[in-house]
Number of protein chains: 2
Amino acid sequence: MGDGGYELLWGAKTRPARGRPPALSRERIVAEALAIADAEGLQQVSMKHLAERLGSGVMSLYRHVPGKDELVALMYDATMTDPPRLPEGEGWRAAMTAWALAVRDLFHAHPWALALATANHAMGPGEARWLDTALGVFEAEGLPAEICLAAVMAVNGYVGGAVRPEIQGQDDPHWFRFLQHESAREDYPHVYRLVAENSFTVPTVDVFGFGLERVLDGLERYIEDHR
Amino acid sequence: MGDGGYELLWGAKTRPARGRPPALSRERIVAEALAIADAEGLQQVSMKHLAERLGSGVMSLYRHVPGKDELVALMYDATMTDPPRLPEGEGWRAAMTAWALAVRDLFHAHPWALALATANHAMGPGEARWLDTALGVFEAEGLPAEICLAAVMAVNGYVGGAVRPEIQGQDDPHWFRFLQHESAREDYPHVYRLVAENSFTVPTVDVFGFGLERVLDGLERYIEDHR
DNA sequence: ACCTGAACACCGTTCAAGT
DNA sequence: ACCTGAACACCGTTCAAGT
């Protein structure tokens, strides 16, 4: 996909409903692929497996989608079809908190999408709407556009990075297993202390929330200073 | 890899140098794979291609590495063999700024590693040392261990997320191409304004730095309040 | 015992044969 | 013209044949 799937993401969606609707459609293919990824992981989304689920031949898929890469791009954008609902009239901070949590929910619902978020891709209509929503929050504060973008990037960047350990922590007991090594105590003294205090295995702090509050605090200070 | 490559990452590294050193070694395999990934992308790292580069048979690789997944885990950790050098005696903020920029440099040098950072994996010795370095910065401020972890996660999370558009922006002119659409102005008014002001195509703000300063501001406020 | 080629079970996709 | 099976060029890995 030379254009990063751009044409496909933004092209005409549906043809006029004339005659019998075809058994296969791009919407149905993407929806089924998304269901497979959610349930079995992205790696299980093969053209063959997908075709079986849809009760069609493998090659029939290529009638509606140019290739695997473009399908994945469509899947990714499809996770963001519903724009987040933000509280209105409660200020930018409440709105951005809701936005950040919505992004987090998104990655929890579709863990496979997190790796894609870091991959090269054209922006689809879904992602564009999510971005636009967040930009609007800061623009309402009267900030210049480029500062709005930087602010959104700060929040979005934080969320994307902070969600990772949450997702993988669930089924990965090996994360800190290296501390059982003899040399661990001297090689990684600070990590060792962290675990020794048992504060990692039984976290008493909402790590995600703590970081988010710091990011928002930092933005708040900037906004107040530049009002 | 049932243990996420843990045993391999932390197992004995080298056997005693007796007799002629074998032509192939895990270190050499990982180093060559890393070179391929840096130059041609992670997708070009196939066992066959890698074997050709090393002048060996494909199956010979499996003498030193259990499989592809474990190889990738070793490659990822190999990007972090050199722990970052942080300024000492200039306070936590200077140190964490250096740490954050070092992480950013890492992903710029190995763009393929960014997607892996979001994937499930066991922590290797390299990543552990980087984490330990950052934890030490906050521990020196006398913060409880769990707060230190949350603070590092905030910075690391931000960097990981904010680096993404930097990396992909270079060779992706399609990112905002959707704005050429007729309906874009009303569908995405805030994004439209952003581009209309030309502030995106010719950014006058260091987006990465701006966000980082906000995150550090937020942490600074917390640290001062809890001193 | 050590090493490694041939064979296997996949993968996405091309292409031409079918209707 | 539309659809799709067989064939192709890959992929990682098993297994047994080689030394």
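How many nonpolar, polar and charged residues does the surface near DNA strand C have? By class, that surface has six nonpolar, four polar and three charged residues. The model is a predicted one.

**DNA strand C**

- The protein places 13 residues around DNA strand C, and the closest are M59(A), Y62(A), K68(A), M59(B) and S60(B).
- The side chain of K68(A) has an N or O atom 2.8 Å from a phosphate oxygen of DNA strand C.
- From chain B, an N or O atom in the side chain of S60(B) is 2.5 Å from a phosphate oxygen of DNA strand C.
- S46(A) has a polar side-chain atom that lies 3.3 Å from a phosphate oxygen of DNA strand C.

**DNA strand D**

- DNA strand D has 13 residues around it, of which M59(A), S60(A), M59(B), Y62(B) and K68(B) come nearest.
- Sugar or phosphate supplies 52% of the atoms of DNA strand D within 4 Å of the protein, and bases supply the rest.
- The surface near DNA strand D is made up of six nonpolar, four polar and three charged residues.
- A phosphate oxygen of DNA strand D lies 2.5 Å from a polar side-chain atom of S60(A).
- K68(B) brings a polar side-chain atom to 2.8 Å from a phosphate oxygen of DNA strand D.
- At M47(B) the backbone is involved: one of its N or O atoms lies 3.0 Å from a phosphate oxygen of DNA strand D.

**Helices α2 and α3 of chain A**

- Helix α2 (residues 26–40) and helix α3 (residues 47–54) of chain A have axes that come within 10 Å and cross at roughly 110 degrees.
- α2(A) and α3(A) are therefore roughly perpendicular to each other.
- The crossing in which α2(A) passes α3(A) is right-handed.
- On the α2(A) side, the contact is made by R28(A), I29(A), E32(A), A33(A), I36(A) and E40(A); on the α3(A) side, by H49(A), L50(A), R53(A) and L54(A).
- The residues of this contact comprise five nonpolar, one polar and four charged.

**Helix α7 of chain A and helix α10 of chain B**

- The axes of helix α7 (residues 125–139) of chain A and helix α10 (residues 189–196) of chain B come within 7 Å, crossing at roughly 75 degrees.
- This angle is why α7(A) and α10(B) count as roughly perpendicular to each other.
- α7(A) makes the contact through A128(A), L131(A), D132(A), L135(A), G136(A) and E139(A), while α10(B) contributes P189(B), H190(B), V191(B), R193(B) and L194(B).
- By class, the contact of α7(A) with α10(B) has six nonpolar, two polar and three charged residues.

**Helices α2 and α4 of chain B**

- Helix α2 (residues 26–40) and helix α4 (residues 68–78) of chain B have axes 9 Å apart and pack at an angle of about 80 degrees.
- α2(B) and α4(B) are therefore roughly perpendicular to each other.
- R26(B), I29(B), V30(B), A33(B), L34(B) and A37(B) of α2(B) make the contact with L71(B), L74(B), M75(B) and A78(B) of α4(B).
- Nine residues of this contact are nonpolar, none is polar and one is charged.

Conventions. Residues numbered from 1 in each chain as written. Chains lettered and ligands numbered in written order. Predicted model: local features only at pLDDT ≥ 70, side-chain atom pairs only at ≥ 80, totals over all residues. Heavy atoms only, no water. Near = heavy atom within 4 Å. Polar contact = N/O pair within 3.5 Å; in protein donor to acceptor, adjacent residues only side chain to side chain. Nonpolar A, V, L, I, M, F, W, Y, C, P; charged D, E, K, R; others polar. Axes fitted to C-alpha atoms, helices over the stretch in contact; angles between N-to-C directions. Helix = DSSP H or I, 4+ residues; strand = E, 2+ residues; numbered from the N terminus. Parallel < 35°, antiparallel > 145°, perpendicular 65-115°, else oblique. Left-handed = near helix turned anticlockwise from the far one by under 90°. Contact = heavy atoms within 4.5 Å.
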